[in-house]
Amino acid sequence: MAKFVMMSMVFAVVLLKSAAAQTVHVVGDSMGWDVPNNGDTAAFNTWAATKQFVVGDILTFNFATNSHDVQQVPKASYDACTSSNPIGTLITTGPANVTLDSAGDHYYICTIGRHCQFGQKLSISVSATPGASPSPTPPTTTTPPTTPSPNSGTPEDCTPAPTSGPTASSPGGSTTPPAPTSTPGSSSPAVSVGVLVPMMAVVMGFFF
């Protein structure tokens, strides 16, 4: 018996939480489900933009029977204001309550006359749980390439240029002097001997 009472209490709590989680949205608030008087074809979507719709919530369409109706349609039919591809049964008796039983985008129109073309249409996005919303896509950022500095360079650019100077050194660190070169008009011992021998032969010829 005690176990049965405990199970009953748990079941009641679950039902209470489920009921508390449901929100009843009166479509258009005071405007009701009607053709917008001011010609604003986005009036119902403007209303929906301020709401959060969750699976289990209820949409209440307030309208007079035989004056309007409610039909759920896919997006293509919503955009074209046609009921050629209906979802579910056409609701003709007002006011009408529609329970949101699935997450995603839901589209509703009035099929009477040109009411849809004049703005009697509703588009909403339904979340699976309260507070759930599509995660925003982070913006793509492009890192600009680093421009090399005019003073920067590769390691080869930093190699010091060779300097001019002696290329060979003696063991003591002194440089080897270049070999002397003779210039025209300069004297040498071989030239002096070649000149004196003929002169001595001439002088001896005078005496002998």
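Reader: Where does asparagine 66 lie, and how do you know which stretches are strands?

Author: Asparagine 66 is in the loop between strand S3 (58–61) and strand S4 (70–72). Strands (E, at least two residues) and helices (H or I, at least four) are DSSP runs, numbered from the N terminus. This is a predicted model: local features need pLDDT of at least 70, side-chain atom pairs count only at pLDDT 80 or more, and totals for chains, interfaces and linings use all residues. Residues are numbered from 1 along each chain as its sequence is written, and side-chain values use heavy atoms, with hydrogens and water left out.

Reader: Why is asparagine 66 called exposed?

Author: Its relative accessibility is 71%. Exposed means over 50%, buried under 20%, partly exposed in between (1.4 Å probe, protein chains only). At 71%, asparagine 66 therefore counts as exposed. Its phi is near 75 degrees, a positive value in a residue other than glycine.

Reader: Which cysteine has a phi near 55 degrees?

Author: Cysteine 81. That value, too, is positive in a residue other than glycine.

Reader: How do you know that cysteine 81 and cysteine 116 form a disulfide?

Author: Their sulfur atoms are 2.1 Å apart. The cut-off for a disulfide is a pair of cysteine sulfur atoms within 2.5 Å. The pair at 2.1 Å therefore qualifies. The structure holds one disulfide.

Reader: What makes this disulfide left-handed?

Author: The torsion about the S-S bond is about -70 degrees, so the disulfide is left-handed.

Reader: What does the pair tie together?

Author: Cysteine 81 sits in the loop between helix H3 (75–80) and S5, cysteine 116 in the loop between strand S7 (104–109) and S8. So the bond ties together parts that are 35 residues apart in sequence. Cysteine 81 is buried at 18%, and cysteine 116 is buried at 2%.

Reader: What about cysteine 110?

Author: Cysteine 110 is in no disulfide. The nearest cysteine sulfur, that of cysteine 116, is 8.2 Å away. Cysteine 110 has 2% relative accessibility, so it counts as buried.

Reader: Why is the contact between lysine 51 and aspartate 29 called a salt bridge?

Author: A salt bridge needs a side-chain nitrogen of Lys or Arg within 4 Å of a carboxyl oxygen of Asp or Glu. The closest N and O atoms here are 3.9 Å apart, so the pair meets the rule. Lysine 51, at 32%, is partly exposed, and so is aspartate 29, at 41%. The two lie 22 residues apart in the chain.

Reader: How many salt bridges does this rule give?

Author: Two. Aspartate 79 also pairs with lysine 75, with the closest N and O atoms 2.8 Å apart. Both lie in helix H3, four residues apart, about one turn of the helix.

Reader: What makes S2 and S5 edge strands?

Author: The open sheet has the order S2-S8-S7-S4-S5, with mixed pairing. S2 (53–54) and S5 (87–91) each have a single partner strand, so one side of each is left without a neighbour in the sheet.

Reader: How do you know that S2 pairs with S8?

Author: Two strands pair if DSSP finds at least two bridges between them. S2 and S8 (residues 121–127) share two bridges, in the parallel sense. Phenylalanine 53 has valine 126 as its bridge partner in S8.

Reader: Which peptide bond is cis?

Author: The one from glycine 94 to proline 95, with omega near -10 degrees. Proline 95 lies in the loop between S5 and strand S6 (96–99).
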